[in-house]
Amino acid sequence: MDKFTNSAWFMRIVAFALAALLFISINFEMESDKKSLGLSTAPEISTETIENVPVEVYYDRENLVVSGVPETVDVTLKGAKSLLINAKNQRDFKVYVDLSDPAISMGNRTVTFKISDLNEKLVATIDPEYAEVNVQERVTKEFSVEAEYNSSLLEEGYTAGQPTVSPKTVKITGAKDAIEQISYVKANLEISKGLNETVNSKATVKALDRDLNKLDVTIEPSSVAVSLKVSIPSKTVSIAPKQTGKAKDGIRITSISVDPNEVTLFGSETSLEKIDEINLPVNISKIDGDTELELDLNKPDSVQKMSLGKAQVKIRTEKVDVDEENAEPVVEEEEPETEQKQEEQVVEEKPEPEEEDEPAAIESKTFNNIQIVPVGIRDDQDAELESDVTSITLLGEADDLKKITKDDINLTVDVSNLDEGTHDVELAVTVPEGVEWELDSKTVSVTITQKEEET
């Protein structure tokens with residue numbers, strides 16, 4: 001055995017075996033490394049399209065505005081399948097447009113999309129390949145905001161005042177040509193159908209051109225607080241009791257009174273103008289003596305609602321002899337009357353209706369939503385009324401009141417001597433001659449602010 005191991009052939013066989021093992025080991029490790037790197041001796045080439053890849057834009061954001069760059073593009077990758085799968089899952093590459101050159105000029109230009117951080121063994125195709133972009137100077141300007149709403153959504157009979165916004169102005173930033181196209185800055189208040197109460201809500205601000213197209217600009221703040229005061233016109237009229245039926249024999253109705261004798265109606269102004277009183281039918285056919293009743297008031301169809309649904313009616317009576325009640329007037333026949341005496345009697349009786357000389361009864365008429373006009377506003381100030389409408393009640397003869405319309409009434413408030421701040425100012429009232437007036441409040445709260453200088 002020792003002789004065999006010490007022979008030259010034994011040593012050659014062992015050396016050959018070791019060399020073979022070393023070759024096999026090294027070749028196996030190289031194959032493993034290639035597979036781990038995605039490099040096979042015969043790699044499988046594939047393509048993969050990745051949709052909606054975000055596009056980044058590099059430019060001077062403080063001084064420029066760039067428009068026309070799409071938000072996303074589609075990227076098609078070609079290469080080894082294992083690399084494609086990794087790129088699709090990780091999405092660690094970027095698609096961008098480079099407009100960071102300080103010497104870039106304003107206006108329209110064509111730019112190509114670029115890709116970065118992509119494995120160099122992959123080939124990328126971007127769709128679209130390029131974009132038409134517009135580079136403009138960045139401009140910021142202050143605009144007043146106008147609130148609007150759909151008035152047809154108000155409940156029937158209800159009215160709304162002018163909506164107020166806070167803050168009243170916003171700053172709008174965008175391309176110079178876009179800022180120059182702004183014609184309206186609107187805050188649309190969303191309301192639901194059948195609105196019958198005051199609304200306080202937030203509304204998004206939009207910048208529109210003269211054709212009401214929305215402009216691509218940045219608005220700060222993007223929303224404002226909007227307040228819309230909703231109310232319903234009202235009118236106070238008298239309740240007029242009307243006898244129905246026939247009194248029982250031996251009963252005479254001496255008076256009928258109503259408590260309260262007025263009711264407030266709510267509805268559209270056109271409907272209220274046609275109503276001067278509410279009739280209350282009182283059936284006297286079952287009355288045996290002095291009686292108090294609670295009767296329902298009939299709401300006119302054109303009226304939205306009334307302040308009262310019922311009224312107390314007091315009926316006063318007296319008992320009379322049935323024969324006396326049914327007796328015909330007796331004409332005395334002590335001496336025959338000649339035609340001359342009859343004529344004298346007629347002449348003597350003619351001046352009897354002296355009731356016409358009595359003063360006419362004073363009536364009232366209420367006008368709602370009369371505009372309050374501020375006068376004497378200085379050029380450097382703004383005046384805001386807490387409420388720019390009010391109601392006024394006129395007192396006078398019925399014939400005079402019928403001729404008076406809203407146009408005959410003027411309510412003004414003098415703000416010429418007011419400093420900045422909130423003041424209670426007395427209203428100045430002008431009405432036609434011959435009538436008196438009453439206001440719920442003779443003063444109105446006025447807030448004076450200094451106008452901001454235009455930038």
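Buried residues are those under 20% relative accessible area, exposed residues those over 50%, and partly exposed residues those in between, with a 1.4 Å probe and protein chains only. The structure described here is a predicted model, in which local features need pLDDT of at least 70 and side-chain atom pairs count only at pLDDT 80 or more, while totals for chains, interfaces and linings use all residues. Residues are numbered from 1 along each chain as its sequence is written, and side-chain values use heavy atoms, with hydrogens and water left out.

**Confidence**

The predictor's confidence in each residue is given as pLDDT, from 0 to 100. The mean pLDDT of the protein is 82, and 85% of its residues reach 70 or more. Helices (H or I, at least four residues) and strands (E, at least two) are DSSP runs numbered from the N terminus. Where pLDDT is low, the predicted coordinates should not be read in detail.

**Salt bridges**

Side chains of opposite charge can pair when their charged atoms come close. A salt bridge is a side-chain nitrogen of Lys or Arg within 4 Å of a carboxyl oxygen of Asp or Glu; by this rule the protein has nine salt bridges.

| Pair | Closest N and O atoms |
|---|---|
| K168 and E384 | 3.2 Å |
| D276 and K235 | 3.6 Å |
| D296 and K310 | 2.4 Å |

D296 lies in strand β22 (residues 291-296) and K310 in strand β24 (residues 310-319), so this pair ties together parts that are 14 residues apart in sequence. D296 is partly exposed at 46% relative accessibility, and K310 is partly exposed at 41%. Salt bridges that share partners also join E146, E148 and K186 into one network.

In the pair of K168 and E384, K168 is partly exposed, with a relative accessible area of 47%, and E384 is partly exposed as well, at 36%.

**A buried lysine without a salt bridge**

K365 is located in strand β25 (residues 362-375). K365 is buried yet has no salt bridge. With Lys and Arg counted as positive, Asp and Glu as negative, and His and the chain ends not counted, the nearest side chain of opposite charge is D276, 6.0 Å away. A polar atom of the K365 side chain lies 3.5 Å from the backbone oxygen of I404. Leaving aside residues up to four places away in sequence, K365 touches I392, T393, L394, L401, K402 and I404.

**Helix α3**

Helix α3 (residues 81-90) has the buried residues L83, L84 and A87. These cover an arc of only 100° around the axis, which puts them on the same side of α3; the arc is that of the directions from the helix axis to the C-beta atoms. Strands β1 (45-58) and β3 (72-80) are among what covers the buried residues of α3. The face of α3 turned away from its buried side carries the exposed residues N89 and Q90. After α3 comes R91, whose phi is positive, near 50°.

Notes:
A polar contact is a pair of N or O atoms within 3.5 Å; within protein, one must be able to donate a hydrogen and the other to accept it, and residues adjacent in sequence count only if both atoms are side-chain atoms. Contact means heavy atoms within 4.5 Å.
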